[in-house]
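Hello,

Here is the structure I said I would pass on.

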Amino acid sequence: MPFSKFGLTPTVLEGVKAMGYREPTPIQLRAIPLILAGKDVIGSAQTGTGKTAAFTLPILSQLGDHAALSRVLVLEPTRELAAQVETSIHDLARFTKIRTAVLYGGVGYARQISQLQAGADIIIATPGRLLDHIERGAANLSHVQYLVLDEADRMLDMGFLPDVRRIIEKCGRQRHTSLFSATIPAQIETLIQWAMKSPETVEIGARRTPAETVQHVIYPVSDDQKTDLLIQLLKRLDFDSVIVFCRTKHGADRIAGLLKRAQHAVAVLHSNRTQREREDALKGFREGKYEVLVATDIASRGLDIADVSHVVNFDVPQHPEDYIHRIGRTGRAEHTGDALTLMTAGDASHVFAIERFISQSIARVKLDNFDYKYTALFEESKPGQKAGFPGKVRGGRIRGGYTFGPSKRR
Ligand code: AMP
């Protein structure tokens, strides 16, 4: 069954098309009609099943225009999920005027407050930070018509249920509530009875999160060898399509020039390019005319490219959530992808922030037979210690595992 049969609005369908979704996943097939019909829905489904679009598409269709009131609240247990879900909602809503705000702890308040002040129709938040914003008077939930409790069992495990209850009490009573949870333990059952009205249940099997389906690796390197390493990596990777992310527009232009000279078919995407140039870059990249797309973060959010085989972070992203947005371009749905990050000594604190954010440490690896001038960023695994990286990059093996240690002069 095609998406057009659900009765979603044209702008929402355009978003689906731009995402490259051809057919609904099982949970979408079952949940979209129920949510469109105004039912409360319990989905026993995990991340990776397409559940974000399952609740986002019918909600977007019913929201209509931007209204500067927060009418949708999506609660998530972790910062990573909040950022990931916000990216999906933002992407799906790109042809509407709907605005989003994403609120989670561990980062400053200013950016989040300005998103709220700009008039966010949809708030995606972790419970603790949302309550902080409510107490400061920055967030108001009294207009919430759609409440989504995502990964409810994880919120329970993390001790968030009392906060979740306080938050629900602040939402309007005339609302639709959806709850997603891989399991329904007794406390979630109690929450369901208290917070939902005659809910319908849809059950779908488990899959893994995009952060898990992506293979992450870090290549420590000195500043002056970054471009050489990038060129060598691209030579050795057996990639179908790769996006290279740079921090600045100037950097993106410079890298694109270098890669062109290295005989790659390259397109560039950043905010100084004209609309026509951007469209040509995206179209050409999607159709395979260009094998490499060099882009800045500004471009990473709105990119309507679903499946690239590799993402290379030529520059480490400054904000951990940008890492999620960038890698969100690979490893989508059932696919797996690779995310390679070049890291210089000055990037260490940003890399640690990313690892904290995704609750996962990323293996440091060395490219075989690359003439490293500066090796202080590496510390070989000690005897008896497991190598830092399993050694596999799609299309080629990397031998020799290295772990990253404190900078040392040799
Ligand atoms: P989720 O379970 O919402 O985290 O989605 C997992 C991944 O599947 C995301 O990368 C989505 O963009 C992708 N996805 C969702 N629905 C579809 C669909 N109908 N067809 C292809 N990919 C999808």
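In these notes, a residue is called buried when its relative accessible area is under 20%, exposed when over 50%, and partly exposed in between. Please keep in mind that this is a predicted model.

By that definition, Lys 51 and Glu 151 are both buried. They form a salt bridge with each other, with 3.2 Å between the closest N and O atoms. Lys 51 belongs to helix H3 (residues 51–63), while Glu 151 sits in the loop between strand E5 (146–149) and helix H7 (152–157), so this pair ties together parts that are 100 residues apart in sequence.

In total, the structure has 13 salt bridges. Two others I looked at:

- Asp 224 and Lys 373 form a salt bridge with an N to O distance of 3.7 Å. Asp 224 is in the loop between strand E8 (214–220) and helix H11 (226–236), and Lys 373 is in the loop between strand E14 (363–365) and strand E15 (378–380), so the parts they tie together are 149 residues apart in sequence. Both residues of this pair, Asp 224 and Lys 373, are exposed.
- Asp 163 and Arg 166 form a salt bridge at 3.8 Å, N to O. Both lie in helix H8 (residues 161–170), three residues apart, about one turn of the helix. Arg 166 has 37% relative accessibility, so it counts as partly exposed.

On burial, helix H15 (residues 320–327) is mostly covered, with eight of its eight residues buried. Among them are the charged residues Glu 321, Asp 322 and Arg 326.

Regards

Conventions: Residues are numbered from 1 along each chain as its sequence is written. This is a predicted model: local features need pLDDT of at least 70, side-chain atom pairs count only at pLDDT 80 or more; totals for chains, interfaces and linings use all residues. Side-chain values use heavy atoms; hydrogens and water are left out. Buried means under 20% relative accessible area, exposed over 50%, partly exposed in between (1.4 Å probe, protein chains only). Helices (H or I, at least four residues) and strands (E, at least two) are DSSP runs, numbered from the N terminus. A salt bridge is a side-chain nitrogen of Lys or Arg within 4 Å of a carboxyl oxygen of Asp or Glu.
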